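The sequence and structure are shown below.

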Amino acid sequence: MPQVPQQPARLRGRPKAFNDKTDQNTVQALDRALGLMELLAANPGLTLSELAERSEQAVATVYRALVTLQTRGMAEMEEPGQVWHVGAGAFRMGSAFLRRTKIADRARQPMDQLMRETGETANLGIEVGDEVLFLAQVETTEAIRAFFPPGTKGPMHVSGIGKALLAWYHPDKVAGILSRMGLEKFTSLSITSEASLDRDLSRTRERGYAVDDQERAEGMRCIAAPIFNAYGEPVAALSVSGPAFRIGLSDTARIGALVRVAADQVTAATGGSRP
């Protein structure tokens with residue numbers, strides 16, 4: 001009986017060298033272009049020379065990359081001044097990420113409610129690459145307010161959202177994040193020792209919400225609670241943030257209860273369960 005020829009195995013999205021992150025398995029030009037996008041996201045309105053200086057690349061190299069990104073709508077040049085910004089194409093790709101998570105859609109109504117109940121800005125964030133990544137925000141109408149535009153990233157140990165996630169992470173995961181990122185001091189109230197952070201995370205678990213008491217920025221407080229997946233794992237967090245003169249320490253219990261209820265609503269709406 002003739003043998004049926006074997007079909008080649010279908011590639012499933014990654015080669016054998018997937019875990020090899022050496023230079024031979026990266027596209028240098030692409031890596032540099034993405035680095036430029038990160039610079040533009042963090043510092044909108046940079047000139048060509050400023051981008052070249054900050055990325056430590058030749059002006060001609062940066063210009064070619066920007067023109068390529070521009071043709072794809074990923075970068076835009078604004079006149080006058082010939083300054084560069086992230087383009088609408090990047091927004092479309094970012095929106096695709098939000099659609100994949102579905103959390104942003106389910107969190108919108110609870111965030112609106114949080115803003116109305118507290119009078120302060122409501123935020124949604126996740127952890128990406130050992131940092132907090134803000135996905136969405138509902139701003140208060142107050143003139144003085146917290147502002148974390150979607151795409152903003154920050155350290156976890158001085159963030160309400162970051163500590164709400166760390167408190168329910170496995171200890172090994174927490175230890176890995178701290179070993180890679182450290183405990184940088186931003187204000188006189190920043191947590192800078194693992195023992196202090198352990199105590200803070202323990203209090204967070206007991207009350208169900210985390211408090212950032214001016215630990216990243218003086219004069220700003222944040223209260224956050226985690227969102228869980230179907231396995232009881234923390235995958236995101238909601239927070240309320242605002243100036244300390246409006247959010248006193250005596251207000252944290254009341255706001256914390258509201259934030260926890262909102263986070264639990266998103267957990268339920270996405271099929272998750274609190275551990």
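## Ser55 and its surroundings

Ser55 belongs to helix H2, which covers residues 48-55. The model described here is predicted. The side chain of Ser55 comes to 3.4 Å from the backbone oxygen of Ala52. Apart from neighbours within four places in sequence, Ser55 has contacts with Leu36, Leu39 and Val62.

## The largest pocket

The largest pocket holds about 1500 Å³ of space. It is lined by 40 residues, and those closest to its centre are Met37, Ala41, Val86, Ala90 and Gly151. Two or more lining residues come from each of helix H1 (28-42), helix H3 (59-71), helix H4 (88-101), helix H5 (103-118) and strand E5 (131-138).

H1 contributes the most to the lining of the largest pocket, with twelve residues. Sorted by class, this lining consists of 24 nonpolar, eight polar and eight charged residues.

## The second largest pocket

The second largest pocket has a volume of about 300 Å³. Its lining is made up of 21 residues, of which Phe134, Phe148, Val158, Asp212 and Arg216 are closest to the centre. At least two lining residues are supplied by each of E5, strand E6 (153-154), helix H6 (160-166), strand E8 (220-228) and strand E9 (234-243).

E8 provides the largest share of the lining of the second largest pocket, three residues. By class, there are ten nonpolar, seven polar and four charged residues in the lining of this pocket.

Notes
Residues are numbered from 1 along each chain as its sequence is written. This is a predicted model: local features need pLDDT of at least 70, side-chain atom pairs count only at pLDDT 80 or more; totals for chains, interfaces and linings use all residues. Side-chain values use heavy atoms; hydrogens and water are left out. Helices (H or I, at least four residues) and strands (E, at least two) are DSSP runs, numbered from the N terminus. A polar contact is a pair of N or O atoms within 3.5 Å; within protein, one must be able to donate a hydrogen and the other to accept it, and residues adjacent in sequence count only if both atoms are side-chain atoms. Contact means heavy atoms within 4.5 Å. On a 1 Å grid over the protein atoms alone, a cavity is a set of points where a 1.4 Å probe fits but cannot get out, and a pocket is an open set with protein on both sides within 12 Å along at least five of seven lines; lining residues have an atom within 4 Å of a point. Grid points are joined across faces, edges and corners, and a volume is the space filled by probe spheres set on the points. Ala, Val, Leu, Ile, Met, Phe, Trp, Tyr, Cys and Pro count as nonpolar, Asp, Glu, Lys and Arg as charged, and the others, Gly among them, as polar.
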